[in-house]
Amino acid sequence: MSIDTTSELGMPQLRTGVEGVPTFDGPQTGKDYTSDQEVRWCPGCGDYAVLKAVQSFLPQLGLRRENIVFVSGIGCSSRFPYYLDTYGMHSIHGRAPSIATGIAAAREDLSVWVVTGDGDALSIGGNHLIHALRRNVNMTILLFNNRIYGLTKGQYSPTSETGKVTKSTPMGSLDHPFNPVSLALGAEASFVARTIDSDRKHLTAVLSAAAAHRGTSLVEIYQNCPIFNDGAFDAIKDNDTKADAIIPLVHGEPILFGAEGERCLVRDTESGGVKVALVADVGADAVLVHDAHNPDPTMAFAISRLTELGYLKQSPIGIFRQVERPTYDDQARAQIAQAQEAATGEPAERLAALIGGGDTWTVA
């Protein structure tokens, strides 16, 4: 099932289209963003589909390539900057959000992207990720989730299901896995979405909305690893099961799914969350209408909990939350401008006032 989000997402003005940001003078294509480097992933890897979608989408930004930056950490997905003809950095394990924060704060004229994986972002990089989301820095984070460590050859990751047998857990993982969308909503992220590597239309639509959002956008991408975790997302990809497995989220529309739209989400009065029901049993008036713009993330969080790790019997796909709130880097620039405007006197006097201001001590 291909999820149509065009009516909700459209093509709003991109956050990078601020005054003073150079735009490209002529038409661009995906080839303009394709580097001369050989793409080196395993045959059948979902990263290929995401790379092609990103290369095809970037011309829609209408920006010069030198005003786009991709920062990655460590992992299979983190080879991304090599394959894009933009500026980029293959940085250190888990620290891509921190490096991207510095870039976004220093350079308002750049469109800043982070490419990371479930191991890179949620293990060693977990602290850096949640603070980038909390601060609401102007960046778009693409979190490739294949629920395994692929680059280091098949150890369990922070999103691997409990009981997962891997090279590092031969008797089954004992860890309780992260739900990346729930984590992001808990960190008060202002834009949170989930999409699938093999659904080009939906992936592109979500990327468009994420790029248009001012603040931190987190997009979790379900991505298959054919070598070390093949079939992890079969339930939402197989033609025989995906209609019942994918719960499409479109702002302002009732949350219906199933081959005939016979299933729905309703409020669960017992738990305070949401649950799956049959429309025939509850009636159309009881069907939950998705509100991605609700400033309270409680309902979005409840919807995110429907994802059943281990076997994806049901998985909400789409934009969970899309709200506006002040961004860290915009506010930091405003403070600097305010301080500069308030500064008076000759440079030497201002320097003396700065050094002598606050608490000072005279040492005999």
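User: Is C225 buried or exposed?
Analyst: Good place to start, and please keep in mind that this is a predicted model. A residue counts as buried when its relative accessible area is under 20%. For C225 the relative accessible area is 9%, so the label is buried.

User: How many disulfides does the structure have?
Analyst: A disulfide is a covalent bond between the sulfur atoms of two cysteines. To count here, two cysteine sulfur atoms must be within 2.5 Å. A search of the whole structure gives a total of zero.

User: Which cysteine has the sulfur closest to that of C225, and how far away is that sulfur?
Analyst: A disulfide needs sulfur atoms within 2.5 Å. The gap at C225 is too far for a bond, because the closest cysteine sulfur belongs to C45, at 6.5 Å.

User: What about C76: which cysteine sulfur is nearest?
Analyst: C76 counts as partly exposed, at 26% relative accessibility. C76 takes part in no disulfide, and the nearest cysteine sulfur is 6.4 Å away, in C45.

User: Which parts of the chain does the salt bridge between E108 and R214 tie together?
Analyst: The closest N and O atoms of E108 and R214 are 3.9 Å apart, and a salt bridge asks for a distance within 4 Å. Both residues are partly exposed, E108 with a relative accessible area of 40% and R214 at 22%. E108 sits in the loop between α3 and β3, and R214 in the loop between α7 and β6, so the pair ties together parts that are 106 residues apart in sequence.

User: Where do R147 and E161 lie, and how far apart in sequence are they?
Analyst: These two side chains meet in a salt bridge, with 3.0 Å from N to O. Each of them is buried: R147 is at 3% relative accessibility and E161 at 15%. R147 and E161 both lie in the loop between β4 and α6, and their separation in sequence is 14 residues.

User: Which elements hold K237 and D197?
Analyst: K237 and D197 form a salt bridge whose closest N and O atoms are 2.7 Å apart. K237 is partly exposed at 25% relative accessibility, whereas D197 is buried at 5%. The pair links distant parts of the chain, 40 residues apart, with K237 in helix α8 and D197 in the loop between β5 and α7.

User: Which residues gather in a patch of negative charge on the surface?
Analyst: One of the members is D240, in the loop between α8 and α9. At 71% relative accessibility, D240 counts as exposed. The residues that gather in this patch are D230, D234, D238 and D240.

User: What is the area of the nonpolar surface patch made by L351, L354 and I355?
Analyst: L354 gives a handle on where to look, as L354 lies in helix α13, residues 347-356. L354 counts as exposed, at 68% relative accessibility. Together, L351, L354 and I355 make a nonpolar patch of about 360 Å².

User: What is the phi of K153?
Analyst: Most residues other than glycine have a negative phi. K153 is found in the loop between β4 and α6 and is partly exposed, with a relative accessible area of 44%. Although K153 is not a glycine, its phi is positive, at about 80°.

User: And what is the phi of E188?
Analyst: E188 is found in the loop between α6 and β5. E188 is partly exposed, with a relative accessible area of 40%. E188 is not a glycine either, yet has a positive phi of about 65°.

User: How far apart are the C-alpha atoms of P177 and I99?
Analyst: P177 is in the loop between β4 and α6, and counts as buried at 9% relative accessibility. P177 and I99 are 78 residues apart along the chain, and their C-alpha atoms are separated by 26 Å.

Note on methods. Residues are numbered from 1 along each chain as its sequence is written. This is a predicted model: local features need pLDDT of at least 70, side-chain atom pairs count only at pLDDT 80 or more; totals for chains, interfaces and linings use all residues. Side-chain values use heavy atoms; hydrogens and water are left out. Patches are made of residues with over 30% relative accessible area and no salt bridge: like charges are joined within 9 Å, nonpolar side chains (Val, Leu, Ile, Met, Phe, Trp, Tyr) within 5 Å. Accessible areas come from the Shrake-Rupley method with a 1.4 Å probe; for residues, only the protein chains shown count as cover. Lys and Arg count as positive and Asp and Glu as negative; His and the chain ends are not counted. The place of a charge is taken as NZ of Lys, CZ of Arg, CG of Asp or CD of Glu. Helices (H or I, at least four residues) and strands (E, at least two) are DSSP runs, numbered from the N terminus. Buried means under 20% relative accessible area, exposed over 50%, partly exposed in between (1.4 Å probe, protein chains only).
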